[in-house]
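Subject: Structure handover

Hi,

Here is the structure we discussed. Please open it alongside this note.

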Amino acid sequence: MTTHNTALGERTGGAVANKAVGAHPGRRPRGAARTPWIYLAPALVVLGGLLVYPVYQLGLISFLEYTQAQVSGGEPTTFQGFGNYATLFGDEQFWQVLLATVVFAAACVVSTLAVGCALAVLLTRVRALPRFALMLAALGAWATPAITGSTVWLLLFDPDFGPVDRVLGLGDHSWTYGRYSAFALVLLEVVWCSFPFVMVTVYAGIRAVPAEVLEAAALDGASQWRIWRSVLAPMLRPILVVVTIQSVIWDFKVFTQIYVMTNGGGIAGQNLVLNVYAYQKAFASSQYSLGSAIGVVMLVILLAVTLVYLRLLRGQGEEL
């Protein structure tokens, strides 16, 4: 009885103390909502300087007549409104390049996710030494600069000195001559340098899944594919969202691999993507306003894809 009264007194005293200081159950202190923003403020300032201002300048130039004549001061800069966008959207080549970019980026994203997820599952099945070797090789590919990796892949598939043609018995076949073979070669290089991020991220997510869940699925007779599709993929959906969006952004704005491996966009521009197309317009043709307009279009497309994807996931009740 004494113990019960003591505990009751403590609870009553605690409630009185909370009421005295104005605390309410289930309600955060007034400054709690501002605390995360205080910690994020330095990073937001840096991101504002590195991202917001360049995007503002990009958008501003896209509404001006800004060519070499304006850069050198020979002619005044004039406001064009949406004239640059009208010129861009009226160019048939722009739509062809946009379609090629979307198809190429989609193929890269699907291939990267497939390879990365498959190797992540493989890492959970092998012993420590093979796992360490695979992780080390993957991180080596991840750390290789894009221009270095592109040059190495060109050497491997070189028609005169490359070992790939000799192993496959293709003679002096040129992989960069045809449009689709050149795109396929670039796709292989993009996947090679991108899958480690997906593999390591998904592997970390798999390791966080309780072993009892996987054991129960295996005891029920589920195959490895069924375990991935019905158990792992739903549980890893937030992680898969992150790697998918990252892959979409990276692969949609590929520049180095295309520029190096196809020598600036391929024969007669057959391997152009939007980033290389914008580079050609801005720097090769000195039409900086058109190049900026292409950059703005790319930014809008990527934002739209990201927002639609996040909206679909929210509609399914997923928490990111």
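Below are notes on its aromatic pairs and nonpolar cores.

This is a predicted model: local features need pLDDT of at least 70, side-chain atom pairs count only at pLDDT 80 or more, and totals for chains, interfaces and linings use all residues. Numbering runs from 1 along each chain as its sequence is written, and side-chain values use heavy atoms, without hydrogens and water.

Aromatic pairs. Rings of Phe, Tyr and Trp (its six-membered ring) pair if their centres lie within 6.5 Å; planes under 30 degrees apart are stacked, over 60 edge-to-face, the rest tilted. That rule gives 22 aromatic pairs. Trp142 and Trp250 are tilted, because their planes sit at 50 degrees, with ring centres 5.8 Å apart. Trp142 lies in helix α6 (residues 128-143) and Trp250 in helix α12 (residues 237-252), 108 residues apart in the chain. Helices are DSSP runs of H or I, at least four residues, numbered from the N terminus. Ring pairs also join Phe63, Phe79, Phe82, Tyr85, Phe89, Phe94 and Trp95 into a cluster.

Cores. A nonpolar core is a set of buried Ala, Val, Leu, Ile, Met, Phe, Trp, Tyr and Cys residues joined through side-chain atoms within 4.5 Å; buried means under 20% relative accessible area (1.4 Å probe, protein chains only). The largest has 36 residues, and Leu88, Phe104, Ile258 and Leu274 touch the most other members. Helices supplying at least two residues each include α5 (92-123) and α15 (288-315). A second, separate core of 23 residues includes Val109 and Phe195.

Best wishes

Terms used: Buried means under 20% relative accessible area, exposed over 50%, partly exposed in between (1.4 Å probe, protein chains only).
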